[in-house]
Amino acid sequence: MKSLVIVESPTKTKTISKYLPKGYDVDSSMGHIRDLPSSAKQIPAKYKKESWATLGINPDDRYYAIYVTPPDKKKIVKRLKDKLKDADELILATDEDREGEAISWHLLEVLKPKIPVKRMVFREITKDAVLNALENTRDIDMNLVYAQETRRILDRLAGYTVSPLLWKKISPGLSAGRVQSVAVDFLVERERERMKFKSGTYYDLQAVLQKKGGNDEFKADLTHLDGKRLASGKDFDENTGKLKKPDSVVLLDEAASKDLVDVLKKASWSVTDVDVRTQKRNPAPPFITSTLQQEANRKFNFSARDTMSVAQKLYEKGFITYMRTDSTRLSSQAIDAAREGIVTQYGEEYLFERVRNYNTKGKTAQEAHEAIRPSGSRFILPEKSGLKDRELKLYDLIWKRTIATQMAEAELEFTGVTITAKNNGTSADFRASGKKILFPGFFRAYVEGSDDPEAALENQETFLPELQVDDATDLQDLNFNAHETKPPARYTEASLVKELEKRGIGRPSTYATVISTIQDRGYAKHEGKTLIPTFTAFAVTTLLEKHFPELVDSDFTSGLEDKLDEVANGTQDPVKYLDDYYKGENGLRAKVDRQEDKIDPQEAKLLDLPLDGLEGIKVAVGRFGPYAKMLKDGEEVSTSLPQDMDPSDLTVKKLESLIKLSEEEDKPLGIHPEEGLPVFLLSGRFGPYVQLGEVTEENKKPKRVSLLRGMKPEDVDLELALELLKLPRTLGEHPEDGKVVKAGVGRYGPYVVHDGKFKSLTKDDNVLTVGLDRAVELIAQKKASTRGSSEIKDLGEHPESKETIKVMNGRYGPYIKHGKKNIGLPKGETPEEFTLEKAISLIAEKQG
């Protein structure tokens, strides 16, 4: 008997093939083999004249959907059909979630098999799991298929109904989405809070103390002055920058802080209170999709998309269980494997006294089978997995988190000590805090990350000397520090995922796509780990808030998700659900029709930014990006805003400067002494630049050069403009081949070029003054790096491995080579001065 098994990916194909007996041919569909039309070109001819054809869905025929096979999938379909001719049975082994179930259903619809069909599902790709699934096949679960199809149709209705309105009213190419728009609204609302925020300033004191007769120093912070609590950041109103209750706290300024330091330096210091308490900590639950995305972002700066991509590979290679899950439950097999691993790796004392179960599920639980964990009945140690790079990092994270769930509690001791300083009627209370780990427990394996980079990790200790009430202490140092209150932190991918999950928006399996989409569509950009909403995001969100508030209402969107879960459970009719959303007087279609004529495009493009002093200046988005405009002497003056400017960067001063620059564009800085043409300082989408001559019919593209990084428009005079217009500068001929060497500014910044080969200037080089000798030196470095690695220094043998350690120069800078491992030199280290001892320490650090 010959069986054709179809999965979604080639990696999964290879892994499953190892475990199936002879006679099973495993092939891949490469994901979905059909979908709704992505363009008018894909719509079949028989539907093109239908009024609903562009939508790809007929709302008046139970939401009949047009499904088409994309051109790049036609060869795959043909191959699968050919294989089916020789098969005695078809086994559909796609993932066991809504998306996987839908892929199997589409395969069934397209292949139209005339042989028996079985649905095979598993949550991990191990030999036992695959063979067990083969013995326990089932039919396709149509409720899951309906739930996936309903979500797909719902998203198409939302996007294709609202997006065209955005094109007409704001700018072509914009899009709205059921989950996407709520996520963007979160970013915009947070940015508005930041823009409204008014900072407050406060001072505090920190003392460095020593127990009398002791040697150990410790730090203590001022908390109370003459019995009244010292003001801190939480006491300020974020909208005014002033104290909420000024009479209840003491607010120090710089002068008062200096005076207090002088008084307390002459004070007597002694311990007035000691508080010791112990606390036990339990490990975090095993990973679900959303918590894995959050933690990988915190610890490794992986995007949600990267995390899911790596996790998918680990699953398909058989290293972890299925990575799209909302359940924190661990199977008995997993618990046994974890507990066995703890005893082997850490010893009996680190094993929790009883099995720790995690059966709780949030309201979003959908594919609630089991948490994400290492697969199998024995967990492969990360260092023995053979994995590398990102796959090893993520597997190690999952392994540690899973192992930690069955480890003993961590036991900590917290000590709080109050030290009072008294002098001439002034009494100041300082507080010192200590933390000691009495038993590390699960800390040995895993410590959870934090969204706050300044937060101390739980496994970090702070030691205090043994102190008792009335113990005298000696002041070693006393300083005051100024602090400014901070606006609410921007969202990171981790904190946005957390917020979406908390509000019940979307489902964890969709978060990676949503976050990628809002960036791809220009609604947000990355800066470090944070997500910053763009001017376009403000315009679209404001329009939706004003005219379609339910589209950015988190409760409304969460309710839609709950209904989709009911469709998956078979308790909600999908057609009625779609009708309630799309049709009728309160349906989306009618709302868009009613609102369209009420929306003034000019008004929709204006941004409502919460900034003081903007009354006379209007900021808007247009086809070519954001711009500012104002009336001056009865005439409208406008200017483009630079592409790298964010909404929160705006100040009245900056806008006035840009508008002034725009006003003076007709006035040249002067005349070019050789060309006889006027030289202008202008502003455009990419920021300020200088231009030689005017745009005319004969000179449609006059020479333009952007200001260099750090240059301010107000500092540019004719002399500097002329220097910029010389770029690219000819520096001279290369001494080796006589070919010209030039310096200029390109897309990636300042550079030197010789014989078509470019080398970026360093931050210490100035493109306007760099000379031929320096350019030749940089070009030589470039040539050396492209020739491959070269040895700088042989440090000798490693004392344990006996392998040679060398300092090398490579394409990306100096590094040490130890056996097959390459480790970059730490910043500030000079290759020529790097020692064997430092290298051994660096290798140990990386291996640890």
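User: Is R178 buried or exposed?

Analyst: Buried means under 20% relative accessible area, exposed over 50%, and partly exposed in between, with a 1.4 Å probe and protein chains only. R178 has 4% relative accessibility, so R178 counts as buried. This is a predicted model: local features need pLDDT of at least 70 and side-chain atom pairs count only at pLDDT 80 or more, while totals for chains, interfaces and linings use all residues. Residues are numbered from 1 along each chain as its sequence is written, and side-chain values use heavy atoms, leaving out hydrogens and water.

User: Where is R178 found, and which side chains make polar contacts with the R178 side chain?

Analyst: Helices (H or I, at least four residues) and strands (E, at least two) are DSSP runs, numbered from the N terminus. R178 is in the loop between α5 (142–169) and α6 (180–196). A polar contact is a pair of N or O atoms within 3.5 Å; within protein, one must be able to donate a hydrogen and the other to accept it, and residues adjacent in sequence count only if both atoms are side-chain atoms. The R178 side chain has such a contact with the side chain of D155 at 2.8 Å, and another with the side chain of E561, also listed at 2.8 Å.

User: Which residues does R178 touch?

Analyst: Contact means heavy atoms within 4.5 Å. Leaving aside residues up to four places away in sequence, R178 touches R151, L154, D155, A158, L551, T557, L560, E561 and L564.

User: Why is α6 described as largely enclosed by the rest of the structure?

Analyst: Because 12 of its 17 residues are buried. Among them are F186, L187 and V188, along with D185, E191 and R192. The buried residues of α6 pack against α12 (493–503), α13 (508–520), β14 (524–527), β15 (530–533), α14 (535–547) and α15 (554–569).

User: What does α10 pack against?

Analyst: An α-helix has 3.6 residues a turn, so residues three or four places apart point the same way. In α10 (residues 332–345), the buried residues are A334, I335, A337, A338, R339, G341 and I342. These buried residues pack against α11 (389–404). Just after α10, G347 takes a positive phi of about 105°.

User: How is the aromatic pair of Y47 and W52 arranged?

Analyst: Rings of Phe, Tyr and Trp (its six-membered ring) pair if their centres lie within 6.5 Å; planes under 30 degrees apart count as stacked, over 60 as edge-to-face and the rest as tilted. The whole structure holds 14 aromatic pairs. Y47 and W52 form a tilted one, 5.7 Å centre to centre with 50° between the planes. Y47 is buried at 14% relative accessible area, and W52 is buried at 12%. Together with Y64, Y47 and W52 form one aromatic cluster.

User: Which charged residue sits over the ring of W105?

Analyst: A charge sits over a ring if NZ of Lys or CZ of Arg is within 6 Å of the ring centre and within 35 degrees of the ring normal. The charged end of R34 meets this over W105, 5.6 Å from the ring centre. R444 lies over the face of Y350, at 5.1 Å from the ring centre.
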